[in-house]
Amino acid sequence: MAGDAKSFPLPSSVRKVPGTERAQEALPYYTQFTPEDDDRFWFYNSMHFPEPMHHFDLVTAEAAYCALGAFNTRVHVLPTTKGIDHRVINGRVYIGGVPVTDPNEIAMRQEKFQARAFYYYENWEELYAQWKDKMKALIADAQALPRPVLPEWEPIKTTHTGKGVASNHALLDIYRKQLEGYFRMWHHHFEFLLLGYGAYLTFFDFCKRAFPEISDQAISRMVAGMEAEIFKPDEEVKRLARRAVELGVDQHFHDDMVIEDVLGTLDQLGENGREWLSELEVSRNPWFNVNVGDGFYHYHRSWNDDLSMPFAALPGYIEKVRAGETIERPMDRLVEERDQLVADYRELLDNDEDKATYDQLIHLAHRVFPYVEGHKFYCEHWYTNLFFNKIREFGALLAEHGFFEQEEDVFHLTHYELESAIIDLMLAWSSGSEPLGPKRWPAIVQDRKQAIDLWARNTVPPALGMVPDVIDDPAIVMLWGITRDNLDSWLDTGEQNQKELKGFAACSGIVEGTARVVRSVKEIGRLEQGDILVCQVTNPTWAPIFQKISAAVSDIGGSMSHMAIVAREYDLPAVVGTGSATSRIQDGQRIRVDGGRGLVTILDEEELLENA
Amino acid sequence: MPDLIDRPVAWFADIGLADRPAVGGKGGSLGELTQAGIPVPPGFVVTTHGFELFLEAMEHHRPVRGLVADLAPDDLDTIRSVSQELRHRVEQEPLPATVRKAVEEAYARLGSGDEAVAVRSSATTEDADDASFAGLQDTFLWVMNTEEMFARLRECWGSLYSVESIAYRRKHSLPEDNVAMAVVVQQMVDARSAGVMFTRSPTSGDKSVITIEGAWGLGSSVVSGEVTPDRWVIGKITGDIATRDISDKHAMQIQAEGGGIREVELEAKQRTTPCLNDEELLALRDIGRRVERHYGKPQDIEWAISQSGQILLLQSRPETVWAMRDATKPVKPPESNPLKHVMTIFGGTQ
């Protein structure tokens with residue numbers, strides 16, 4: 001391999017996992033690799049799509065890339081980059097950038113960019129306020145969509161109002177509106193994102209030049225927003241803990257509680273119990289519309305769908321409230337610490353010119369950052385939950401008519417296939433005969449379930465195709481943290497230390513402890529005080545259990561990921577984006593987490609005995 | 001402290017950097033630190049006035065300065081024989097009573113009876129680099145009694161007349177009248193670990209990090225490069241420990257029986273154990289920041305931690321390498337329209 005060190009496998013050389021050919025074939029033609037793709041560079045988007053994709057969930061990739069590219073290529077007109085192409089093989093999403101290299105084209109785009117992007121920067125606050133209104137309206141539209149149902153007889157109201165449209169049409173109408181809303185949401189998502197990251201990275205770049213050894217974490221801390229939505233869900237859990245104590249209903253919350261029973265008990269308890277339940281409703285809407293993943297998989301359910309996450313945190317918080325501790329975020333102190341940090345670094349600069357530049361850059365970064373931190377709550381959490389739950393309703397309807405066994409099976413269909421199944425059902429309801437779907441879909445769903453299993457056991461190359469000499473595509477550097485250095489280290493995997501995992505240094509501190517590999521929220525009950533959480537994605541919604549663990553390790557996420565931001569606030573040593581922690585670390589193993597260096601070490605048996 | 005001119009001995013607590021002509025660079029710096037409230041092993045300086053009194057006694061018999069001043073810079077043979085003669089005379093010449101008495105009293109005040117001390121030359125030249133060129137950087141550790149202390153004091157004085165030192169002065173035509181040497185005498189730290197600390201990165205010049213290097217035992221093993229030290233990089237402002245390079249420290253230097261130092265091989269386990277814990281690293285960082293603030297510029301510092309865990313500084317001098325390289329050119333000048341800065345990231349032109 002030595003002579004061929006600068007190339008990853010070509011896309012055309014990647015074998016489809018045997019037994020998954022039909023599942024692969026069913027994906028949209030525009031996501032299939034073509035022979036021409038061998039000439040380009042692709043990398044596996046493990047940051048957003050770390051697990052094999054269900055056919056339906058791939059809608060997220062296409063909706064997101066429709067929007068990302070539109071804003072980069074044609075709305076803001078980023079000078080040196082256009083959008084992102086994506087291809088799917090063996091259940092994994094590979095992406096490739098479209099850089100602009102012709103100097104004339106760059107010059108032309110620079111001019112347009114300044115006219116457009118600067119308008120956004122200049123009017124950031126108003127546009128962002130407007131953005132929130134847009135998002136809330138979009139969310140309200142989705143919430144207003146009725147549950148799809150097919151009555152045996154059309155309601156008499158249709159006749160009396162002369163509506164002239166029958167119920168089966170509503171299925172298509174709801175489905176298309178929901179799908180349209182999801183694509184639209186992604187446009188909103190990218191309206192500000194790249195500009196926000198860009199302004200942040202400009203400050204980041206300056207800091208790295210002025211302070212060559214500054215940690216990414218220190219820069220993040222200087223920029224971190226204070227009012228960000230990502231902290232709200234956890235703050236609501238704290239509020240509920242305090243209210244429980246104030247209302248004298250706190251004794252009903254303990255580690256082994258059955259949530260349904262607790263809710264029932266409180267309802268029977270009289271005024272104070274019901275008062276707490278109404279507080280719970282206040283918190284749930286909207287703040288429990290956060291999902292326990294990063295919002296890209298249908299099975300990352302929200303707190304509202306499954307209350308185990310917030311309830312797991314309640315006993316701990318209640319304990320602290322009883323002990324008289326302040327559990328709420330000390331906003332004043334956090335603001336003061338951030339401002340002190342900004343001032344201390346400023347003082348180290350050599351001259352007034354640099355100080356002036358620093359002031360300009362931090363000012364802009366502080367202005368744009370609320371969007372960077374806040375948008376996810378509205379987009380990847382709130383809206384995405386509504387979206388997947390609406391699809392689930394179609395799943396339930398189709399399952400009811402025998403298309404497949406369970407509502408969750410719907411996610412094994414692509415969004416085109418789902419529309420075809422819906423139309424099949426509409427036709428059958430219309431004609432009074434049986435739909436054809438029940439003969440077709442169960443076998444396909446079976447085949448795709450098997451494909452997901454096979455894909456999950458298959459490891460894929462981190463990248464495909466020729467390595468470019470430089471990666472200066474700002475979108476790729478910003479969103480995926482991919483640099484030429486990364487790629488070289490990916491090519492270097494031969495000498496990898498089996499006991500060591502490298503990731504992004506999210507929050508410094510060294511901790512040794514017992515690894516608890518948690519694959520879903522259902523398992524959080526297994527976490528004991530002082531355990532090290534090892535999971536695929538950690539995001540702000542996991543914050544409530546940060547009080548219990550001593551460190552956190554995740555498969556995905558960058559140093560600017562939300563997990564990293566929250567970990568820093570909790571001062572919880574954390575390494576994110578290790579790629580393979582949940583598969584390489586075994587539950588119960590002793591591990592060492594070095595959050596300052598982004599290093600996780602599996603401590604083997606000998607070492608344990610020696611230390612004992 | 002103008003009256004230092006008249007005293008053969010000065011205590012750290014009474015002196016500062018401004019007294020360099022009388023107490024030398026090292027002495028002035030230790031005094032400055034002491035006055036700033038930074039923990040330093042207590043001690044005193046035998047001042048240049050003390051040296052002048054001694055030199056006067058020597059000159060009383062035969063010239064010293066004139067002898068050196070007449071030497072031709074490239075006549076190494078003569079330099080060598082003059083050097084030999086003068087160093088012999090420095091060893092033999094009886095100490096003037098005032099000097100002897102002052103030093104004896106100071107030594108007695110330093111501890112009970114025979115206090116173990118370090119005796120270190122403290123050159124008055126402006127630039128520490130000159131001093132090392134000129135071979136004026138003697139340090140004697142674990143000096144165990146009065147007589148030995150006096151012997152080491154003479155050795156420090158005598159280093160002014162080493163071949164390198166004389167040749168250096170002649171080559172640069174430095175006037176011999178200004179040549180004097182102060183000598184530091186301070187309590188010996190029984191170091192568990194010791195090393196150096198840079199309040200500005202020696203590798204990148206970054207002022208936002210503190211680099212600490214250390215090894216087991218006395219700092220001499222680190223300074224001389226005999227042991228590869230552990231190395232940490234700590235955020236000066238954040239306190240984050242970003243780099244931890246724990247090396248294989250094969251040996252350490254400790255007190256030899258009867259005085260001086262000796263090297264001992266370390267066992268496997270201690271070799272790869274960090275010589276500082278996180279608490280000590282952060283305490284050192286705090287001290288480093290205080291010293292830097294006190295001087296108003298980055299410092300290179302020598303430190304030791306005693307067996308009982310006390311952190312002490314043995315030396316602090318301004319960082320010179322990066323200070324010289326500091327370009328007047330800013331990292332990035334401000335823009336009339338601050339938004340233009342984002343073109344660094346988006347523009348494709350730097």
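Reader: What makes strand β6 (residues 191–198) of chain B and strand β12 (residues 299–306) of chain B a pair?

Author: Two strands pair if DSSP finds at least two bridges between them, and β6(B) and β12(B) have seven, in the antiparallel sense. Within this pairing B:Phe198 stands opposite B:Asp300 in β12(B). Strands here are DSSP runs of E with at least two residues, helices are runs of H or I with at least four, and both are numbered from the N terminus. The model is a predicted one, in which local features need pLDDT of at least 70 and side-chain atom pairs count only at pLDDT 80 or more, whereas totals for chains, interfaces and linings use all residues. Residues are numbered from 1 along each chain as its sequence is written, while chains are lettered from A and ligands numbered from 1 in the order in which they are written.

Reader: Why are β1 (9–11) and β4 (139–143) of chain B said to stand at the edges of their sheet?

Author: That open sheet has five strands in the order β1-β2-β5-β3-β4 of chain B, paired antiparallel. Each of β1(B) and β4(B) has a single partner strand, so one side of each is left without a neighbour in the sheet. The twist from one strand to the next averages 20°. For β4(B), the partner is β3 (residues 117–123) of chain B, joined by three antiparallel bridges, and B:Val119 has B:Phe140 in β4(B) as its bridge partner.

Reader: Why is α8(A) called oblique to α11(A)?

Author: Helix α8 (residues 232–246) of chain A and helix α11 (residues 308–322) of chain A pack at about 55°, with their axes 8 Å apart. Axes are lines fitted to C-alpha atoms, for helices over the stretch in contact, and angles run from 0 to 180 degrees between N-to-C directions. Angles under 35 degrees count as roughly parallel, over 145 as roughly antiparallel, 65 to 115 as roughly perpendicular and the rest as oblique. The angle of about 55° therefore makes α8(A) oblique to α11(A).

Reader: Which residues meet where α8(A) and α11(A) touch?

Author: Among them are A:Leu240 and A:Val245 in α8(A), and A:Leu314 and A:Ile318 in α11(A); two residues are in contact if their C-beta atoms, placed from the backbone, lie within 7 Å. By class, this contact has eleven nonpolar, no polar and three charged residues, where Ala, Val, Leu, Ile, Met, Phe, Trp, Tyr, Cys and Pro count as nonpolar, Asp, Glu, Lys and Arg as charged, and the others, Gly among them, as polar.

Reader: Why is α9(A) called oblique to α10(A)?

Author: Helix α9 (residues 259–268) and helix α10 (residues 271–284), both of chain A, pack at about 130° with their axes 6 Å apart, and that angle makes α9(A) oblique to α10(A).

Reader: What makes chain B as compact as a globular protein of its length?

Author: Its secondary structure comes to 13 helices and 13 strands. The radius of gyration of chain B, taken over C-alpha atoms, is 23 Å, close to the 20 Å that the globule rule gives for 350 residues, so chain B is as compact as a globular protein of that length. The rule is 2.2 Å times the number of residues to the power 0.38.
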